[in-house]
Every structure is written in structure tokens, then in C-alpha cells.
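Here is a friendly walk through a few local features of one model. Take a look at the sequence and the coordinates, and then we can go through them together.

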Amino acid sequence: MSFFRLKDLIRAVRVCKTATDERNVIRRESAAIRTSFKEVESQDARFVNVQKLLYIYLLGFPVQFGQLECLKLAASARFSDKRVGYLGVTLLLDEKQDILTLLTNSLKNDMNNPDDYIVGLALSTLSCVASAEVANDLADEVERLLDSPRSYLRKKAALAAVRIVRREPDLADAFVRRAGPLISDRHHGVQTAGVALLEELCMHSQEALEAGRALVPTLVRQLRTLATTEAAPEHSVRGINDPFMQIALMRVMRTVARGSQAAADELNDVLALVATLDDAASNVGTAMLYECAVTALAIPSDAPLRVLAINLLGKFLANPDNNARYVALATLSTAVITEAPSVQRHRDTVLQCMSDDDISIRRRALDLSFALINAQNAKHIITEILRVLPRADLEFRSSMVYRLSAAITLFADSHEWHVERMLRVLSLGGNYLNARDLFKFIRLVAADADEALQRRATRISFALLERDISQDKMVVAGAWLIGEYADLLVARSQRASDAEAVAPKSPGLDEDDLDILGALGRPIQESKPEGSPEAGGAPGAIGLDEELPEAIPEPAAVVRLLSAIARSSSVSASARQIALTALAKVAGRFADQPAVVTSIRTTLGQFSHSMDQEVQSRAVEFDKLLSRELDGVRAAVVERMPVPEYAEIPYEEYVLNPTAMRMKALTIIKRPAMDPADLIGASAGGDAKAAAAAAAEASKQSVVSDLLNLMDEAPPAATSSPPPQQQSKMDSIADLLSSTSLSPIPTSQAVTSPRTMHAITSNDDLDREYEVFNSNGLKILLTPSKRPSAPQVLDIQAKFVNAGESAISELAFLVAVPKSQKIQIHPPSGQHISAGASVEQLLRVSNPGKSAVRLRMKVAFVADGEKHESMFDYGGFPASVF
């Protein structure tokens with residue numbers, strides 16, 4: 001049965017009681033329509049059938065067989081047929097389908113039709129489905145219609161031009177000269193379409209960008225008029241005059257003023273006006289303020305306006321609307337790259353958002369919290385993130401623990417704080433710590449900690465393991481420390497009485513406790529009420545406001561704890577194996593206590609029949625080691641391990657702020673301070689004081705101070721602001737754990753023999769080589785020198801010597817300095833070093849404060865087909881060099 005009219009089909013679908021009935025109706029009607037297309041050539045029948053097909057399409061059923069019929073209907077001479085045909089084309093076709101080329105002739109004919117409404121249909125269809133080929137064929141027609149006396153056609157043509165430019169950017173220049181008249185058009189629709197066209201043109205054409213900057217006064221005048229005049233009823237939304245046009249104007253302003261100081265200067269006042277007039281009480285006002293803030297941050301605007309933009313986004317964080325909070329956090333994560341001091345003012349609000357009910361807001365708040373970490377606030381923010389860690393979403397914990405480890409490592413001011421915080425991370429998120437960070441922690445305790453810190457770390461680990469052995473990496477680290485430093489764990493220091501007063505003795509575990517440990521994975525503890533600060537969201541967790549507990553156990557208690565770990569089914573196989581190894585080491589530490597050794601051998605014997613081959617092998621071998629016949633070698637076998645040696649693997653770039661990964665592709669948008677050429681004092685006879693002041697101002701504006709502040713120092717004193725006409729030449733530079741420097745000089749300007757520029761001085765510490773790196777066949781020598789014309793600049797000649805037997809290739813050398821200094825890196829004389837050969841590279845450090853020069857260096861190269869990367873610091877230059 002076929003339903004003749006669309007209304008009949010709709011009625012039949014509505015009366016269906018089940019989805020199966022509906023599918024049957026649609027299947028029968030689709031078959032009838034397909035048959036009609038083959039047998040009936042009536043235009044009226046085609047008109048009705050295409051209408052029904054579109055309804056079936058909206059219900060979600062496939063109707064691709066009707067595409068060609070839509071094209072036939074669009075070629076009809078009647079307006080009603082064309083309207084339905086073009087609607088079908090926009091719904092059923094897309095630009096990737098070859099059949100679309102058959103539409104080109106119909107569109108071209110209709111664009112020349114005397115009926116404006118038919119022309120409008122063709123332009124609307126072109127705006128929806130135009131491909132690159134169709135755009136090339138019809139660009140001239142659209143360009144002609146942009147000059148039409150009818151505002152209706154100019155609006156439609158402008159929207160079609162947007163589509164053409166988007167699909168074929170090479171055609172952008174043809175529409176540039178028409179963008180200005182469209183923006184100044186008195187018709188609101190034409191004006192809106194013109195703004196959209198100008199934005200699209202500026203994104204694809206440098207000529208259009210220059211023309212758009214010439215139109216900035218017009219854009220500013222229109223935005224000011226909209227912001228200050230009374231709202232027109234037909235365009236008013238919640239009392240705001242034409243917010244859609246205002247947002248469109250700010251978006252095109254953001255595009256044309258990015259990278260242009262002159263254009264940005266013209267926008268400062270009007271953006272400040274919009275920011276102060278609009279109210280965030282409604283969604284419309286929030287959208288207006290958000291676009292204003294994003295525009296102010298995207299262009300080299302005045303510092304007060306940028307602070308105002310950050311404050312607007314900070315207010316959004318207290319907005320009850322989740323969408324407002326989300327976009328604010330997302331924008332602040334990008335803004336923190338260049339506006340870190342302003343974003344820091346909203347740190348407490350951001351930290352509160354980590355506990356928001358919305359998971360997307362929690363994710364963004366965590367990302368921003370890590371990005372805000374610097375040397376001054378690291379302890380506070382890390383503590384707050386640790387407070388959130390136990391109740392964080394499971395999908396966040398791996399990333400949180402990894403970034404926490406990175407932050408603690410990068411910003412630790414002492415080994416004591418570093419060890420204490422890592423122990424808290426292990427106790428709260430040990431299941432999510434990766435092997436590299438676990439190894440770094442163990443090596444820190446073994447290599448860098450003194451005996452007192454080793455003792456404290458071991459006692460804390462013992463106390464934490466008594467509370468909870470559910471965190472696998474905590475078990476691994478704790479068992480390793482107990483095995484290595486068991487003698488320190490139980491030893492009484494000269495202040496043993498004081499330690500006992502603050503660190504309770506371990507009560508030990510009886511046999512019943514061992515059975516429960518094996519079943520539950522942790523010792524019995526008196527649990528605190530859920531949700532209390534002490535509970536921390538994890539069993540046996542220590543409140544962050546509490547001191548970590550220290551236990552001073554007896555040797556028997558140590559054996560019982562390690563035995564419980566080895567028996568527990570809740571820990572990993574590697575943790576059980578390390579526990580057995582620790583038992584063997586404990587036996588060596590307390591060889592003078594036969595009862596302890598006997599207890600350990602009894603425990604090892606229980607694992608001699610384990611189903612785990614590695615556990616069984618260790619148990620048998622260690623039991624044999626503790627036998628009398630091996631008394632002579634036991635001490636040497638179980639003595640402390642030497643400090644682990646490994647090549648330091650730095651954390652990934654931008655580990656704390658993934659948003660900053662786009663920094664290389666961004667233009668530095670801070671207001672410029674000076675020409676970077678002034679940093680190196682190239683002009684002979686220049687005023688030394690002026691150069692020092694300029695360098696101080698440049699260091700204040702440095703991008704180094706705006707990223708992760710890995711080398712935080714007090715910034716230099718502020719100096720007078722430079723003229724606004726000065727253009728910034730700073731570019732995004734190579735990153736070194738989010739530290740940056742000035743852009744390298746183009747290769748064409750590289751100095752091939754920089755030493756010829758250095759004046760001979762009487763300082764013996766200058767012009768001599770300092771070895772700073774020697775590994776994997778590469779040796780790096782630094783030679784400092786100064787020029788009389790620029791005493792505040794230290795020239796450092798880096799020499800890369802291939803001391804190996806194979807060639808070195810793909811040499812890359814990055815350097816960062818403290819914020820009070822500025823560095824300029826010249827290109828190296830080569831990136832390939834033959835065996836026994838060397839290349840050179842010039843570094844220039846502007847040091848107006850005469851402070852100690854500390855260099856953080858990262859070198860990467862390929863030798864013997866293997867890539868090597870190393871990061872290291874050097875501050876060994878004598879004071880006379882500065």
C-alpha cells in the first residue's frame with residue numbers, strides 16, 4: 001500500500017504502536033517510492049515523493065536512492081519544486097559525493113534567474129554543500145551577486161562566499177575588496193554576513209588580513225555604538241543590544257589584531273568598555289564577557305586589560321552554570337602560559353573546583369592546578385592535590401600521580417621534603433605510580449639522602465605498611481627500604497628517648513593478624529569515620545595535616561611484617577619477591593640474633609613449594625644462603641647495594657601543563673618591551689645604563705617567567721614602560737621542561753667565528769674552557785668571554801667535541817637561564833660531528849644584575865644509531881666571570 005500524500009504517511013507512522021510496525025510502514029512506502037521513480041515521470045509525483053523521502057530521512061532511515069531525484073526536482077522551472085529539490089540536496093548530499101558535480105549547472109542557471117528568491121535558494125544551497133570544484137566554478141557568480149542592489153541577495157552571497165573561501169582558500173583575494181562595503185552596509189543581515197566573511201578571509205589571506213586591519217576603526221565604531229546605545233527591540237536579548245553582532249565583531253577583531261600592536265592599541269578602550277558594561281547575570285552577558293576576555297588575551301593588549309580579562313574569567317569560576325566554569329578553566333589553562341601572575345590570584349578558587357560535582361570541571365581544574373605550580377606555591381598546591389587524590393576519579397589518578405611526582409621532583413627545596421611528599425604519594429596512590437618514578441625515589445634515598453633521612457624514610461615506610469599494604473608501589477618501596485636499612489630501622493639513636501616520645505613503637509603482629517593480612521591485604525586498624533579529614537578516603541591514610549608516623553620496631557616485628565607481605569594475595573608478585581629478598585637481607589643485618597634468623601628461615605621454607613616459580617626459587621636460594629655452610633659469604637651477599645646508576649631521563653616537555661604544548665605554534669602576545677637586538681649590546685658606543693635597563697625590562701617580559709618557572713628567582717626591579725609603537729621580535733622558542741629562551745638568530749645571520757669579536761681581557765677566568773658534560777662520546781666545553789662595548793653581556797662559546805669512535809648526528813642543544821637573566825642562542829656551526837672533530841655554538845647571556853650565571857642545559861644527539869638525551873645544570877663559573 002502506498003500513501004499518496006505526505007500527511008497520510010505521517011498519520012500512518014504516528015498510529016504505529018511498536019518500532020517494528022513503524023519499520024514495516026517505512027519499508028513499504030520506500031519500496032513504493034522507488035517504484036514510482038522508475039515508472040512515473042510526472043513532476044507532481046516526484047514532488048510528493050521527495051517530500052516523503054525527506055520525512056523518512058528525518059526519522060533516521062536510509063533514503064540515498066532519492067539523491068538523483070532531488071537534483072531533477074531542483075532543475076524544475078517551478079519555485080515550489082526547486083525549494084523541495086534544493087532542500088533534499090542539502091540534506092541528502094555532501095561535498096564528498098561525485099554526484100554533486102551535476103548540480104553545478106542548475107546552481108549557475110538559478111543564480112542568473114530574474115527571480116530573487118530562486119537566486120536565494122541557489123546561494124543557500126551553495127553555502128551548505130559546495131565542494132572545492134563547485135566553489136571554483138561558481139566563485140565569479142557569487143562575486144557578481146555581492147554587488148547586487150538587493151540586500152537579500154548580498155546577504156546570501158556573502159554567506160556563500162564564506163563557504164567558498166573555506167573550501168578553496170586560493171579564491172580569498174577575489175572577495176577582499178568587497179568585505180569593507182558589506183561591513184558598513186545599513187542592512188543588519190548583510191552586515192552580519194560581512195563580518196563572518198571578513199573573519200574567514202583574514203584566516204586564509206595575508207592581503208585580507210592587512211585590509212581587515214585597515215577596517216579596525218570601523219569595527220571599533222560599530223562595537224562601541226552597539227555597546228552604548230539603547231537596545232533595539234528586534235535585536236535585543238535580555239536587555240543587551242544585538243549580542244550576536246557584538247560577539248561576531250569581537251571575533252573578527254581577535255583575528256585581525258593578533259600579532260598587530262597598532263590594531264591592538266585601537267581595541268583596548270572598546271574592549272574595556274564592553275567588559276564593564278555587560279553583566280554576567282544571564283547567559284547572554286556571560287557569553288559577551290567571555291568573548292571580550294578571550295579577545296583581550298589573544299591580542300597584544302595593555303597589561304591592565306589583560307588583568308581585567310583574567311579577573312572576568314576568575315569570576316566565572318564562581319558562576320553556578322557549569323558551562324561558564326568549564327570555559328573559564330579551559331581559557332585560564334591557556335592564559336597561564338603568558339599571564340601566570342594574574343591567574344595565580346584565583347588559585348584558591350581553582351583548587352576548590354577540583355571537588356566540583358561535574359567530572360569535566362574536575363578534569364580542567366586539575367590541569368590548571370598543576371599548571372599553576374611554581375617554586376613559591378608548590379608546597380601548598382601539591383598538598384591540596386594530595387588531599388583530592390584519594391577520592392579522585394579512577395581515570396584521573398594515573399595522570400595525577402605522575403604529575404605529582406614530576407612537580408615534587410622539580411620543585412623540591414630539600415631532600416627531606418622530597419622524600420616526605422613522595423611517601424605520601426606512595427601511600428595514597430601507590431598503585432598508579434610508574435616504575436621510573438619509583439626508581440627515582442629509591443635512588444634518591446640511596447644516593448642523596450644522609451643516614452638520618454634514610455632512617456626516617458625507613459621508619460615511616462614501616463609504619464605506613466603496618467597501616468595499609470594495598471598500595472603496591474608503597475609495598476615495593478617500603479620492603480626495599482626495610483631490607484636495605486633494617487639496621488637503621490631498629491637502631492636507637494642518641495636521641496632514642498626523644499624519638500620514642502613522638503614515634504610510638506610498633507605493636508607488632510601476631511599470627512591471627514597474619515591470617516587477616518593475607519585475606520584482606522592490610523593489617524587490622526581502628527578505622528576513622530568515613531569522610532573525616534584523617535580518613536583521607538583510603539584505608540589507613542594519614543591526614544595531610546598530620547606528621548607521618550615513624551615506627552621503631554623490634555627485629556621480630558620486622559620479620560612478621562615482611563612475612564605478612566609475602567603471604568598476602570592482594571600485593572603483586574614483584575612485591576612478594578622483594579619482601580622475600582628483604583627477609584634475606586634482614587637475616588644478614590641481625591645475624592647475631594639466632595631467633596630472628598630461625599624465624600626467617602621458617603618463613604622462607606613455607607614458600608619453597610609456592611606455585612610462583614620466582615617466589616619458590618628465591619625462597620629456596622635464600623634458605624640455602626642462611627645455612628651454616630655459607631656463613632663465609634653471606635655477609636657479602638646481603639650487604640647494602642651500591643647506589644643505582646642510570647642515565648637521567650627528564651620529564652616530558654610541559655608535563656605540568658599539556659596546554660603549553662601548543663606554545664611553539666602560538667605567537668607571543670604579551671606587549672613588547674624592546675627589540676631583542678638590544679640585549680646583546682651590538683651597537684658600539686651605546687649607553688651601558690640604557691642597555692641594562694632595557695635588558696631588565698626584557699627579562700620582566702620574558703616568556704620564561706610566564707611558563708612553569710622551573711628556575712624561579714626574584715624578578716628584577718621594574719623599569720619604565722617602552723613606547724607602544726615598539727614591535728616585539730620575540731618568537732616562541734625551543735622549550736626545556738617548559739623553560740624558554742629567546743629565538744635563535746636566523747642561520748643567514750649566524751656568526752661563523754664569534755671568537756674574533758671578543759676583546760682580550762686581563763681576567764684569567766675568562767677565555768678558558770670549562771668542561772660541563774662528557775658522556776656517550778660527546779664532550780661539551782664552555783668558554784666565557786666579554787666585550788668592552790657590552791660589559792653586561794657574557795658571551796659563552798660552546799664547543800661540542802666528538803670524543804668517541806663513531807660520528808654524531810642530529811645535535812640539538814637547548815639552554816635556559818634564571819628569570820633575572822636573558823639568553824640568546826646562535827645556530828651551531830653544524831649538527832654532524834665526525835670522530836675527533838668538533839662544532840661550536842655561541843650563547844649570549846644578558847646579566848644586568850651581575851648575578852651568578854646558572855645554565856640549565858639539554859643536549860640530544862644520535863650516536864651509533866641510538867638517540868641520547870641528557871639534561872644537566874651548570875653554575876661553576878667563578879664570580880669574576882660575572
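Let's begin with Asp242, which counts as buried at 5% relative accessibility. Here, buried means under 20% relative accessible area, exposed over 50% and partly exposed in between, with a 1.4 Å probe and protein chains only. Asp242 sits in the loop between β2 and α14 (243-257), and its phi is near 45°, a positive value in a residue other than glycine. Helices (H or I, at least four residues) and strands (E, at least two) are DSSP runs, numbered from the N terminus.

Before going on, a word on the source: this is a predicted model, in which local features need pLDDT of at least 70 and side-chain atom pairs count only at pLDDT 80 or more, while totals for chains, interfaces and linings use all residues. Residues are numbered from 1 along each chain as its sequence is written, and side-chain values use heavy atoms, with hydrogens and water left out.

Is Arg238 buried or exposed? Arg238 is exposed, with a relative accessible area of 68%. This residue lies in the loop between β1 (236-237) and β2 (240-241), and has a positive phi of about 55° although it is not a glycine.

Asp116 belongs to helix α7 (residues 116-129) and counts as buried, at 16% relative accessibility. Setting aside neighbours within four places in sequence, Asp116 is in contact with Arg150, Tyr152 and Leu153; contact means heavy atoms within 4.5 Å.

## Helices α13 and α15

Two packed helices are described by the angle between their axes and the distance between the axes. For helix α13 (residues 216-228) and helix α15 (residues 261-277), the axes come within 10 Å and cross at roughly 10°. That makes α13 roughly parallel to α15. Axes are lines fitted to C-alpha atoms, for helices over the stretch in contact, and angles run from 0 to 180 degrees between N-to-C directions. Angles under 35 degrees count as roughly parallel, over 145 as roughly antiparallel, 65 to 115 as roughly perpendicular and the rest as oblique.

Helix α23 (residues 394-411) has 18 residues and spans 26 Å from its first C-alpha to its last, close to the 26 Å expected at 1.5 Å a residue. The expected span is 1.5 Å times one less than the number of residues. Among the buried residues of α23 are Phe396, Met400, Tyr402 and Phe411. Its buried residues pack against α21 (359-371), α22 (378-388), α24 (415-429) and α25 (435-448).

With 14 residues, α25 reaches 19 Å from its first C-alpha to its last, close to the 20 Å expected. Its buried residues include Asp437, Lys440, Phe441 and Ile442, and they pack against α23, α24, α26 (451-467) and α27 (472-484).

## Strand β4 and its partners

In strand β4 (residues 778-787), 9 of the 10 residues are buried, so β4 is largely enclosed by the rest of the structure. Strand β3 (residues 770-775) is joined to β4 by 5 bridges, and the two run antiparallel; strands pair if DSSP finds at least two bridges between them. β3 and β4 form a hairpin with 2 residues between them, and Asn776 in the turn has a positive phi of about 55°.

On to the next strand: 9 bridges join β4 to β5 (residues 790-802), again antiparallel, and a hairpin links them through 2 residues. Leu782 of β4 is the bridge partner of Tyr770, and Leu782 also stands opposite Ala798 in β5.
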